[in-house]
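Please study the sequence and the model shown here, then work through the exercises in order.

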Amino acid sequence: DAVIREFSRLPGIGKKSAQRVAFHLLNSPEEDVIALARALTALKSNIRSCVRCFNISEEEECGICRDPQRDQKTICVVEEAHDITAIENSASYRGVYHVLGGVIAPLDNVGPEDLHIGELMRRLEAEGTKEVILALNPTTEGDATNHYLAMLIKPKGIKLSMLARGIPAGGDLEYVDQVTVSRALDGRVEL
């Protein structure tokens, strides 16, 4: 009962799915269940935020920030770390990222000071950034955050663009297919 209850708390897992997973684990070899438990424990104890971009990482800097093959002068700004996966799966982008940690949402008491905007602005200066791509979800809050960031970045003379609107309004980047993300990156527009 406790296992089913805990699995049911995961996003996208209802009670029936939780029961199926629990029975699958019950019928699995003990070493597989122990390996899963260790992996879950390590997830919380070994994972941290990259000190540069706030992506998830096992080291101080994430693999993308450390990759010399990446275009270090182009930064793609996303809401959450899981949005990076959607863009990376498109295989269309070779720059680096910056995770805001959300969007400006006054109704939820989230202001610019609650996000990693100050860190982004410091990066732009310190790293000689040439282009910033805003890849925030096309929601009211995402659009407001895009406009706020544009007001801060445009005066710096840095090329500023946002994803083309191939992603449905109100959708989450995490759930968009690879082709749509690839087309959105290719068709981004300058602000």
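Predicted model: local features only at pLDDT ≥ 70, side-chain atom pairs only at ≥ 80, totals over all residues.

Residues are numbered from 1 along each chain as its sequence is written, and side-chain values use heavy atoms, with hydrogens and water left out.

**Exercise 1. Describe the sheet and its edges.**

Step 1. An open sheet is formed by 5 strands in the order β4-β3-β5-β6-β7, with mixed pairing. Strands are DSSP runs of E with at least two residues, and helices are runs of H or I with at least four, numbered from the N terminus. Two strands pair if DSSP finds at least two bridges between them.

Step 2. The edges are β4 (95-99) and β7 (189-190); each has a single partner strand, so one side of each lacks a neighbour in the sheet.

Step 3. Strand β6 (residues 159-162) runs antiparallel to β7, and 2 bridges join them. Within β7, V189 stands opposite M162.

Step 4. Helix α6 (residues 117-127) packs on the sheet and touches β3 (71-78), β4 and β5 (131-134). The direction of α6 makes about 165 degrees with that of β3.

**Exercise 2. Characterise the packing of α5 on α8.**

Step 1. Helix α5 (residues 81-90) and helix α8 (residues 178-186) have axes 8 Å apart, at an angle of about 85 degrees. Axes are lines fitted to C-alpha atoms, for helices over the stretch in contact, and angles run from 0 to 180 degrees between N-to-C directions.

Step 2. That angle makes α5 roughly perpendicular to α8, a class that covers 65 to 115 degrees.

Step 3. A86, I87, N89 and S90 of α5 meet Q178, V181, S182 and L185 of α8, where contact means heavy atoms within 4.5 Å.

Step 4. These residues comprise 4 nonpolar, 4 polar and no charged. Ala, Val, Leu, Ile, Met, Phe, Trp, Tyr, Cys and Pro count as nonpolar, Asp, Glu, Lys and Arg as charged, and the others, Gly among them, as polar.

**Exercise 3. State which residues line the largest pocket, and classify them.**

Step 1. The lining consists of L43, K44, I47 and I56. A pocket is an open set of points on a 1 Å grid over the protein atoms alone, with protein on both sides within 12 Å along at least five of seven lines; lining residues have an atom within 4 Å of a point.

Step 2. By class, the lining has 3 nonpolar, no polar and 1 charged residues.

Technical notes
Parallel < 35°, antiparallel > 145°, perpendicular 65-115°, else oblique. 1 Å grid on protein atoms, 1.4 Å probe; cavity = no way out; pocket = protein on both sides within 12 Å on 5 of 7 lines; lining within 4 Å.
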